[in-house]
Amino acid sequence: MQYLTCSQKLKKLAIHLGMVCAIALSAHPSAIASVTDHHEFEATLHAPFKADSSLGTKGEARYFTMEFSYPLNTKPLTVSWKLELLRPNNTVVERWYGNEKLTTKAIRTRILWSGTSADKKPLSDGIYQVRLSATETTTPISTGLTSNSNATEKFVEQMLSANQHEVITQTWQIQVGKQVAAQMPNFSALARGSRQLTLNSNVAQKNPLTNKAAVATLAPANGLPYTIYYGNLHSQTNHSDGGGDLAACTGAQNPQSAAFGPSDAYQYAYNRGLDFLMTSEHNHMYDGSDATNAAANPATAKNLYQSGLSAASSFNSLHSGFLGVYGMEWGVINNGGHLNIFNSTELLSWESNSSGQLIGDTQTTKGDYAALYTLMRQRGWIGQFNHPATTGQFMINSVPLAYSADGDQAMVLCEVLNTSAFSTNTTESETGRSLYEAACNKALEAGFHIAFSTNQDNHCANWGASYTNRTGVLLANGTTLTNQTFIDALRARRVFASMDKNSQLILTANSHIMGERFSNTGSLTLTANFANTAGRGATTVQIYEGVPGRNGTVTLLSSTAITTITPSVGEHFYYAKITQDDGKMLWSAPIWVTQTTGSADTTAPTVNASVSGSSGNINLSATASDNVGVSKVEFYIDGSLKATSTAAPYTAVVNSSTLSNGTHNLQAKAYDAANNIGSSTVVSFNINNVVTDTTPPTISATESGSSGTISLNANASDNVGVSKVEFYIDNALKGSDLTAPYSLSLDSTSLSNGTHTLSAKAFDAANNSSTSALVNFSINNVIASELISNASFESVTANWTASSGVISNDATQAARTGSYKAWLNGYGAAHTDTLYQQITVPANSTTVSLSFWLKVVSSETTTTQAYDTLKLQIRNSSNTVLGTLATYSNLNKGSSYVKKTFDLSAYKGQTIRIYFLGVEGSTVATSFLIDDVSVIAQ
């Protein structure tokens, strides 16, 4: 809170309102919320995996690049950092220290490492680590603390120790010298999604690890009946703060202001070869504001969310083999934590407008993660921890990343790596990347059953293109990529994270695949199966072990691809990590193992199966029970696995069109944690897909209007009946109509002036469709221009000429909008105030309109005598009065601002002054308050 002393304006009302001269001013609450919700200190490190040959040396020299930023920061800060180079045994080779001044712009610091130890001795070959530790404080940098000195080292260590809960750590591996390739099992790459087979038809599918001199051949891996789909599960569009044009995108966009929406994002990702893309919009920005928009219409916000779901559905129906996913990113950064919800059909909100209406479908409390997890579990929604921190995020009872049973069911993924959210890179070479493995490990140790993902958090219009990283998802062979099958795969945690879009990493344990939970007796063989379809090899392989619920530290179990152990009795999880020969890393999903003595559970579950439906979507159901607990149920049709369900009620949906007409057999298999299996009796059912309509509709399109609201029209007919007509402009879907006459009204200002094409697409109930011929039409909107600069006075006196003290942010009399307004007179004494701005009115204007908002506050009681006046005049550049448009006085006093409008067409082609002249008498105060002055020329 800050205090202002008595200013000239404060003295005005002190005369007749008896005000004191110390007035407390504080920032608007929503403005504070906007900043504090969306900022935090960020630090990234880029350490090239191999030496930089461009430096002209034959050694191991390279640059280590650090970048520090603090979005929306408003005060000078000090960044204290320590950079360490660690040997394979974790001893320190060399350390660097530094302090940087950080204000509003990101800063970049580079350290040139010579490629040797600190005493200039060569290093042994191996995989080393570069580790950055950084924190920010308000402590200023004193003289002598900007160089790598003993004083700097001491200061940095003090800052890191004092702020240990706010330290960002980034660790990257580098290769020094030569490295013998890791011994890996023979493992042929699993099949890719059908689109990838087409996109990569000229790339031979081969085992890249056939270099016999470098790679020993181990026992072959078991066959795995899965197909891999690659994509990005974290991005934004103009439904929130993303979708920025690459030519001007430098950060988060103002909510709903950018050029590109979900359909644009899906098309872009589709064109770049991704199999899926999730646009995850910030749940609290559907009111069009970073803060809370008190004027928001809840219906508008809810409809926007539903339009995103429709955009994904429409795009998927037209693009086989690709899945557009639409959902929300819930939460805030500071004292919160972002998480994605993949399959919610409801908009969650904690904000209300000024009428107390919730700006969303369902109330959730900001920061209450325990309640959110419970809601997600009840609704069957699943989620992902986005760019998690080890401290200060996802709090329950003040514990970060705290476990809850509901959260364990709801949360299925954790981002282990992200590329820069504001990257504009389109060549997949972005170097700004952040690791979150420590936070994901903390969540695993807390007890969460989560798999690793890696995404790009794109806010600019380069969805999936900033880097080669992808999240890989495994679907059973023969399964169509749909929203439901995709969610089922995420729920089963059949997911891996890769920095290389051509790589695969599948962890198996005995007869189980990553993502599974099972009981084990005796030995356990863990196998890291790796393949790369572009010829890359593995430099290192690491198997990590942890204990769910221990809240301890994940430890390195082994550095071999095939590791056989006998775990201690109790709960364990294991995951594999691969570093390729180019430094890119992969993480498998964990496997969760309950190790027993072998005498605990030998009883198989009991299970019964049923099926309903004979066409369209048929529903598979099972009831299963076990003396300990059912871990999963598999559904087999005619002996082929069709679906898996890991939680009761055990159900699955199968599209009957994937089955031939006639009789089929369903059997369900239930598993318990000890891998005992119970099978149901076989249930027979019939499929009767009857296609009675193969005739598509006929359709033609017309358009009327070239400005304002234009009308898109279609004439459609069908042998059975038209179910829907969609309207496309320049091949982009603009809307649809379900009933005749088929039409759509469109604001022409959403289109550029010039020629466009219209087409309409008609569907019938059998989903036959046809598209009309293209219709050319033109848009010619008259472009309006604002002639007044600094219309609301928020830039204070810029572009205005005014008497002293007229333009003011004095809180005694509020501005209509913002903080500043023009305050003429109000002294209760003889006084004249003036205010004007000079403009040039275009000669070719068709209309010129002046408007402003006026509030008159007066202590005069007369209802007949105008003692104090305000004149609105038009003057020329020599200050000669050309005309007086209006005169206002104390007789016009009121409690609110009133809009005044005037026609200035008579002044086309002239340079004029919009001139306000306020004259006050000598006894009683009258204030003339002016705000939001505008002159629109068309």
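The secondary structure of the chain, in this predicted model, consists of ten helices and 61 strands, where helices (H or I, at least four residues) and strands (E, at least two) are DSSP runs numbered from the N terminus. Residues are numbered from 1 along each chain as its sequence is written, and side-chain values use heavy atoms, with hydrogens and water left out. Because the model is predicted, local features need pLDDT of at least 70 and side-chain atom pairs count only at pLDDT 80 or more, whereas totals for chains, interfaces and linings use all residues.

Taken along the principal axes, the C-alpha atoms fill a box of roughly 100 × 85 × 55 Å. Of the 938 residues of the chain, 52% count as buried, the term meaning under 20% relative accessible area, with exposed meaning over 50% and partly exposed lying in between (1.4 Å probe, protein chains only). Among contacts (heavy atoms within 4.5 Å) between residues at least 6 apart in sequence, 72% join residues at least 24 apart.

Two disulfides are found in a search of the whole structure, a disulfide being a pair of cysteine sulfur atoms within 2.5 Å. One of these joins Cys249 to Cys460, with an S to S distance of 2.0 Å, and this link is left-handed, with -75 degrees about the S-S bond. Cys249 lies in the loop between strand E13 (226–232) and helix H5 (262–271) and Cys460 in the loop between E22 and E23, so the pair ties together parts that are 211 residues apart in sequence. Cys249 counts as buried because its relative accessibility is 6%, and Cys460 likewise counts as buried, at 0%.

The sulfur atoms of Cys414 and Cys440 lie 2.1 Å apart in a disulfide that is also left-handed, with -85 degrees about the S-S bond. This pair links distant parts of the chain, with Cys414 in strand E20 (residues 411–419) and Cys440 in helix H9 (residues 437–446), 26 residues apart; both cysteines, Cys414 and Cys440, are buried.

Ser466 is placed in the loop between strand E22 (451–455) and strand E23 (470–476), and this residue counts as buried because its relative accessibility is 0%. The side chain of Ser466 makes a polar contact with the side chain of Thr419 at 3.2 Å, a polar contact being a pair of N or O atoms within 3.5 Å, of which, within protein, one must be able to donate a hydrogen and the other to accept it, and residues adjacent in sequence count only if both atoms are side-chain atoms. Not counting residues up to four places away in sequence, Ser466 touches Thr419, Ser423, Asn425, Glu428, Ser429, Glu430, Gln456 and Asn458.
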